[in-house]
Amino acid sequence: MAADIEPPAKKTSEDRVPARRPGARVSARKVVKPLRSIAIFGAVGALVAGIALPAFASSKPSEAAPTTVQQLAAVDAQSLVVASQATAAPLARGTFSATTPEEIAKKKAEEAAAARAAAAAASTASTSSSRFNTAGYALTSPGSGEVRYPLPMGSWNVSRTVGGGHNGADMLAPAGTPIYAAAAGVVRASAESIGGYGVAVMLDSVVGGQRLQTTYGHMLYGSRQVQVGQTVSAGQLIGYVGSTGRSTANHLHFEVWINGGLVEPMSWLSVNAG
């Protein structure tokens, strides 16, 4: 009986290798194929994203500008001006000239004197106009040349005007300052002594259809440039400032009458002479 029982055969290395199952191999292939497809699609997607996203970003509209001071400051802080890129405005050297201290001082003094004279004239005209009702004073367009100031602008100051029995404006000016006809007309009076006026000239004119009379008193002796009956034009030289008659200082006594009525001379000049 023992003989009938065969001893177990010795296993070889070949016998230890388990038999490969055909079914397991097929299952593994089924799993690998989907994974490979997923990997391929993932690689293609990454390639597309790498190419499309930068182009999309470059074509994307810029964001809205910063809306706060802090954001503006942060944006400005990022800008840099390179010295080599900066340009300087050209310097015009032809406008400069060297002057001595004396010339500079003289120039400044002249400018200051002109400014004071202009300010005084403007102040006088403004003050006179504000004190008197100038309604009905306008006879012609200001600056037309039909009516002119009797003294050069900037050469005079008004010390007093109409009021308290005084019928004109006293325009203080240095002796010898030229006196001009305020309007074109005919000389009604011209003499070395006309009452308290001293050396004086009186003109009859028509301006804007209105009868105008002007008087120029206290001229220098012998300075009258026109005679009775002579026709003069506006701005024509008729004499020079003095202190004759009832006068205590060099000045022009200037009177204006319209249709026989006395008007304030400086306001009338400001309205008609400009």
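Buried here means under 20% relative accessible area, exposed means over 50%, and partly exposed lies in between (1.4 Å probe, protein chains only).

**View 1. The whole chain.** This is a predicted model, in which local features need pLDDT of at least 70 and side-chain atom pairs count only at pLDDT 80 or more, while totals for chains, interfaces and linings use all residues. Residues are numbered from 1 along each chain as its sequence is written, and side-chain values use heavy atoms, with hydrogens and water left out. Of the 274 residues of the chain, 27% count as buried. The chain has five helices and 10 strands, which are DSSP runs numbered from the N terminus (helices H or I, at least four residues; strands E, at least two). With contact meaning heavy atoms within 4.5 Å, residues 24 or more positions apart account for 65% of the contacts with a separation of 6 or more.

**View 2. Strand 6 and its two partners.** Strand 6 covers residues 210–219, and because seven of its 10 residues are buried, it is largely enclosed by the rest of the structure. Two strands are taken to pair if DSSP finds at least two bridges between them; strand 5 (residues 199–207) is joined to strand 6 by eight bridges and runs antiparallel to it, with Leu 203 standing opposite Thr 214. These two strands form a hairpin with two residues between them, and Gly 208 in the turn has a positive phi of about 60 degrees. Strand 6 also pairs with strand 9 (residues 251–258), in the antiparallel sense and over six bridges, and here Thr 215 stands opposite Glu 255.

**View 3. The surroundings of Val 201.** Val 201 lies in strand 5 and is buried, with a relative accessible area of 0%. Leaving aside residues up to four places away in sequence, Val 201 touches several residues, among them Val 187, Thr 215, Tyr 216 and Ile 238. Val 187 is 14 residues from Val 201 in sequence, and the two are 7.2 Å apart in space, C-alpha to C-alpha.

**View 4. Aromatic pairs.** Rings of Phe, Tyr and Trp (its six-membered ring) pair if their centres lie within 6.5 Å, and planes under 30 degrees apart count as stacked, over 60 as edge-to-face and the rest as tilted. By this rule the count comes to two aromatic pairs. Tyr 149 and Trp 156 form a stacked pair, 6.0 Å centre to centre with 20 degrees between the planes. The rings of Tyr 216 and Phe 254 have their centres 5.4 Å apart and their planes at 45 degrees, so this pair is tilted. The pair links distant parts of the chain, with Tyr 216 in strand 6 and Phe 254 in strand 9, 38 residues apart, and both residues are buried.
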